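Please look over the chain shown here. How is it put together, and which contacts hold the interest?

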Amino acid sequence: MLQKISRIANGILNGAIAFSLASMAILVFGNVVLRYAFNSGITWSEEMSRFLFVWMVFFGAIAALKDNMHLGVDLVVNLLPKTLKRTMFVFSNLCVLFILWLLLDGSWKMTVLNMDSIAPATGISLSWVYGIGLVTSLSMAAIIITNMVKVLFAKDKDSSFSLIAAVDDVSVEQKEVREG
């Protein structure tokens with residue numbers, strides 16, 4: 001059940017990233033063609049592209065966390081014994097959850113504050129722009145909590161305690177996905 005939900009959420013996330021990128025490319029390219037070929041343009045194209053870029057970056061951050069692809073230094077943690085690794089894993093994840101709480105709180109305040117503010121070119125409420133912080137913080141918190149539960153309550157005690165994936169691990173996983 002959890003695997004099915006994860007696959008659906010992953011598909012939605014990848015679709016949102018692809019949609020944002022494709023829409024940005026179409027809007028910017030179309031606007032350039034209209035300006036140079038027809039001496040006109042889409043007035044809201046630049047603003048909408050900027051909003052889509054913001055959303056794409058935040059969606060990418062969620063995808064990177066899901067795949068353990070955020071930058072990190074785990075040299076010291078890898079040298080620790082297993083019990084200390086587990087402790088450091090829990091501590092670092094609790095720190096990340098605190099940061100996500102700060103992001104959620106700040107995004108909520110900015111979203112509510114900008115409910116009545118309207119973007120000049122598109123007419124979209126700016127709460128849609130700031131709302132991505134809510135989506136990101138809640139999605140990332142769900143990923144972090146899921147990872148912590150997996151590590152703390154897993155039957156297999158050799159679970160990975162790293163917040164980041166090595167390049168070799170990622171290439172092996174990608175190869176397995178292509179083959180399987």
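The report below goes from the whole chain to single residues.

## Basis of the model

This is a predicted model: local features need pLDDT of at least 70, side-chain atom pairs count only at pLDDT 80 or more, and totals for chains, interfaces and linings use all residues. Residues are numbered from 1 along each chain as its sequence is written, and side-chain values use heavy atoms, with hydrogens and water left out.

## Overall make-up

The protein chain has seven helices and zero strands. Its elements run α-α-α-α-α-α-α from the N terminus. Helices (H or I, at least four residues) and strands (E, at least two) are DSSP runs, numbered from the N terminus.

The chain holds 180 residues, and 28% of them count as buried. Buried means under 20% relative accessible area, exposed means over 50%, and partly exposed lies in between (1.4 Å probe, protein chains only). The accessible surface comes to about 12,300 Å². Carbon and sulfur atoms own 70% of that surface. Accessible areas come from the Shrake-Rupley method with a 1.4 Å probe; for residues, only the protein chains shown count as cover.

Contact means heavy atoms within 4.5 Å. Among contacts with a separation of 6 or more, 72% join residues 24 or more positions apart.

Helix 1 covers residues 2-38. At 1.5 Å a residue, its 37 residues should span 54 Å, and its end C-alpha atoms are 52 Å apart, which agrees. The expected span is 1.5 Å times one less than the number of residues. Buried residues in helix 1 include Leu13, Ser20, Met24 and Leu27. The buried residues of helix 1 pack against helix 2.

Ile42 sits in the loop between helix 1 and helix 2. With a relative accessible area of 26%, Ile42 is partly exposed. Beyond residues up to four places away in sequence, Ile42 touches Asn31 and Leu34. Ile42 and Ala121 are 79 residues apart along the chain, with 9.8 Å between their C-alpha atoms.

Ser49 lies in helix 2, which spans residues 45-66. Its relative accessibility is 10%, so Ser49 counts as buried. A polar atom of the Ser49 side chain lies 2.9 Å from the backbone oxygen of Ser45. A polar contact is a pair of N or O atoms within 3.5 Å; within protein, one must be able to donate a hydrogen and the other to accept it, and residues adjacent in sequence count only if both atoms are side-chain atoms. Leaving aside neighbours within four places in sequence, Ser49 is in contact with Met24, Leu27 and Val28.

Trp55 is also placed in helix 2. A polar atom of its side chain lies 3.1 Å from the backbone oxygen of Trp128. Not counting residues up to four places away in sequence, Trp55 touches Trp128, Val129, Gly131 and Ile132. Trp55 and Gly131 are 76 residues apart in sequence, yet 9.3 Å apart in space, C-alpha to C-alpha.

## Helix 4 and Thr111

Helix 4 has 32 residues, which should span 46 Å at 1.5 Å a residue; its end C-alpha atoms are 46 Å apart, which agrees. Its buried residues include Phe89, Leu100, Leu104 and Ser107. The buried residues of helix 4 pack against helix 5 (127-130) and helix 6.

Thr111 is found in helix 4. Its relative accessible area is 7%, so Thr111 is buried. The Thr111 side chain reaches the backbone oxygen of Ser107 at 2.6 Å.

## The largest nonpolar core

Which residues touch the most other members of the largest nonpolar core? They are Phe59 and Ile62, in a core of 17 residues. Helix 1, helix 2, helix 4 (82-113) and helix 6 (132-153) are the elements that give two or more residues to this core. Helix 6 gives the most, with seven residues. A nonpolar core is a set of buried Ala, Val, Leu, Ile, Met, Phe, Trp, Tyr and Cys residues joined through side-chain atoms within 4.5 Å.

Not counting residues up to four places away in sequence, Ile62 touches Leu13, Val135, Thr136, Ser139, Met140 and Ile143. In soluble globular proteins, nonpolar side chains tend to be buried together.
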